[in-house]
Protein chains: 2
Amino acid sequence: MSKRAKNEGSARERVFRTAAALFHRHGIRAVGVETIAAEANTTKMSLYRNFPSKDELVAAWLRDHDARFWQSWDAMSREYPDDPRRQLKAAFELLAKHVADPKARGCPMANAAVEITESDHPATKVIKVHKARLRARLAELCARIGVGDSRLLADQLFLLMEGAQVSAQTPGARAAAASVARAAAVLIDSNRFSTEV
Amino acid sequence: MSKRAKNEGSARERVFRTAAALFHRHGIRAVGVETIAAEANTTKMSLYRNFPSKDELVAAWLRDHDARFWQSWDAMSREYPDDPRRQLKAAFELLAKHVADPKARGCPMANAAVEITESDHPATKVIKVHKARLRARLAELCARIGVGDSRLLADQLFLLMEGAQVSAQTPGARAAAASVARAAAVLIDSNRFSTEV
DNA sequence: ATGGTATGATACCGATCGGTAACCTCAGCG
DNA sequence: CGCTGAGGTTACCGATCGGTATCATACCAT
C-alpha cells in the first residue's frame, strides 16, 4: 500500500520525500507546505522542526537531486573508465530512457530556475553550481575524446540535454525528446571528422 | 519616462502589456493580479472587466506570443522564399541573438508548461498547438532541403532550440546557449552528406 | 522512575491569493 | 440635455499562503 510507504521513516524523511515528489510533479510554487505535511502524514510543525523554511526545503531537495545525479553519473563512468566516448553515449542513453517516460517532468534544476528568479534564493546557487559542473564534466569528456574545441562540443551536447528534458514535459513537444541520443551522436562524430582531417 | 509608457493605451492594453512583462520576467504563479493592476496603473476591477480570470489572462498572453512568434517567423521566411536552408539558418541566428540577451527569460510557452501542470488549464492547449506547429514547420523546411528523415532532423533542431531557450535563463548554463547556431549547422550539414552519398 | 527527544494536534498570526459588489467620475455623443 | 460605457475607488469575500506558539503524548536510554 502507498499508505504504508508514506509512513515509512522519520517525519523528516517523509516530509522530504513527499516534498520532492510534489515539487517535481506540480512545481514549487504550486505546492504549499500544508499540502506537503498532509501528504506526508504529518503536520506543518514537523516540517518546520526539520527545515527552517520552505525555501530551504526547496534548496535541500535540489541538493539531494544534485547528489543523486552525480552518484549515478559516476557509477556510469566507472563502467567505461578508459572510454570517454562510451561514457558520453551511456549518458545520453540514460537521458533518453528517462525522457521516454510519459510521466517525465524534466530537470528539477532547470524547472526551478523557471520558477525562482530571485538571485538570493538559497536554491539559486545550487542550480548554478549543478549546471556549471555538468558543462564542465561534458567538456572534460569531450577533451578526452580529443576534439578540437571541447568546450564548444560540450555546450552543444548540453543544449541537447536541456532541450530533451524541457521538451519531455511540454505538451506538443514530448515526442521530439526521443531524438536526443542520435543528435548527440551526430554532433560527436562530426567533431571527430573535423579534427582528423 | 516609464510612467508615461505605462499609461499609454486603454486599461485593457496596459493590463495586458504589464501582465505579459511580469509573467515573463518572474513567472506566472509568482505574479498576483493585484501586482499586475498596480504596475499597470489601474486596479483589479479593470483587469476583471477585461479578462474573465487570471488563467484566461495567461492564455491570452500566450496566444499573443504565438501570434507574434509566427509573424516574425513568416517575415523571415519571406526574405528567402526559395531557400529553406537559409530560412533555417536565419531562424537560428534570430534565436541566437535573442538568447544572447543577458535578460533573456526563455520561451514563455515552455516556461508556462513548467508551472502549469493541469491539463484543463486554458493555456495548456495553446502551448501544445504552438510547439506542435513549430515542430511541423521545422520538418517542412527540412523536407524542402531534401534530407532523408526530415522529421528526425527537425526534432533534433527543435531540441537545440528548446535547450538554448531554457539554458539562457538557467544560472550556470547561460553561456552554453551561444553555441546553438553552430550546433544546428552541424546537424543540418551532416544530414546533407548522408543523403548525397 | 526520569529526563530528553521526536512527534502529533490544534489554534493562531498577518499577509496575500483570486475574485466580486457597489458606487462614483467623466468623456463622448445623440 | 441626458444617456451610455469605460474606468477609477473602496470595501469586501472565503481561502490559502508561509510560519509560529502551545500543549500533549509516546518512546527510549540512563
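This is a predicted model: local features need pLDDT of at least 70, side-chain atom pairs count only at pLDDT 80 or more; totals for chains, interfaces and linings use all residues.
View 1. A rotation of 180 degrees, with 0.0 Å of shift along its axis, superposes chain A on chain B at an RMSD of 0.0 Å. The two copies are therefore related as by a two-fold rotation axis. A:Gly163 is the residue of chain A that comes closest to this axis, with its C-alpha at 1.8 Å. Both copies use the same surface, since 100% of the contact residues of chain A recur in chain B.

**View 2. The contact between chain A and chain B.** Chain A contributes 43 residues and chain B contributes 43 residues. On the side of chain A that touches chain B, two or more residues come from each of helix 2 (11–26), helix 7 (108–115), helix 8 (122–145), helix 9 (150–168) and helix 10 (180–196) of chain A. Helix 9 of chain A supplies the largest share of this side, 11 residues. By class, the residues of the side of chain A that touches chain B are 20 nonpolar, 14 polar and nine charged.

View 3. Helix 4 of chain A gives the most, with four residues. The surface near DNA strand C consists of five nonpolar, seven polar and six charged residues.

**View 4. The surface near DNA strand D.** DNA strand D is surrounded by 17 residues, and the closest are A:Gly32, A:Ser53, A:Lys54, B:Ser10 and B:Thr42. Two or more residues of this surface come from each of helix 3 (33–39) and helix 4 of chain A, and from each of helix 2 (11–26) and helix 4 of chain B. The residues near DNA strand D divide into five nonpolar, seven polar and five charged.

**View 5. Helix 6 of chain B and its buried residues.** Helix 6 of chain B runs over residues 84–100; at 1.5 Å a residue, its 17 residues should span 24 Å, and this agrees with the 24 Å between its end C-alpha atoms. The buried residues of helix 6 of chain B are B:Gln87, B:Leu88, B:Ala91, B:Phe92, B:Leu95 and B:Val99. These residues lie on the same side of helix 6 of chain B, because they cover an arc of only 130 degrees around the axis.

Note on methods
Residues are numbered from 1 along each chain as its sequence is written. Chains are lettered from A and ligands numbered from 1 in the order in which they are written. Two residues are in contact if their C-beta atoms, placed from the backbone, lie within 7 Å. Ala, Val, Leu, Ile, Met, Phe, Trp, Tyr, Cys and Pro count as nonpolar, Asp, Glu, Lys and Arg as charged, and the others, Gly among them, as polar. Copies are superposed by least squares on the C-alpha atoms of residues with pLDDT of at least 70 in both. A residue is near a molecule or strand if its C-beta atom, placed from the backbone, lies within 6 Å of it. The expected span of a helix is 1.5 Å times one less than its number of residues. A residue is buried if 20 or more other C-beta atoms lie within 10 Å of its own, exposed if 12 or fewer, and partly exposed in between; C-beta atoms are placed from the backbone. The arc is that of the directions from the helix axis to the C-beta atoms.
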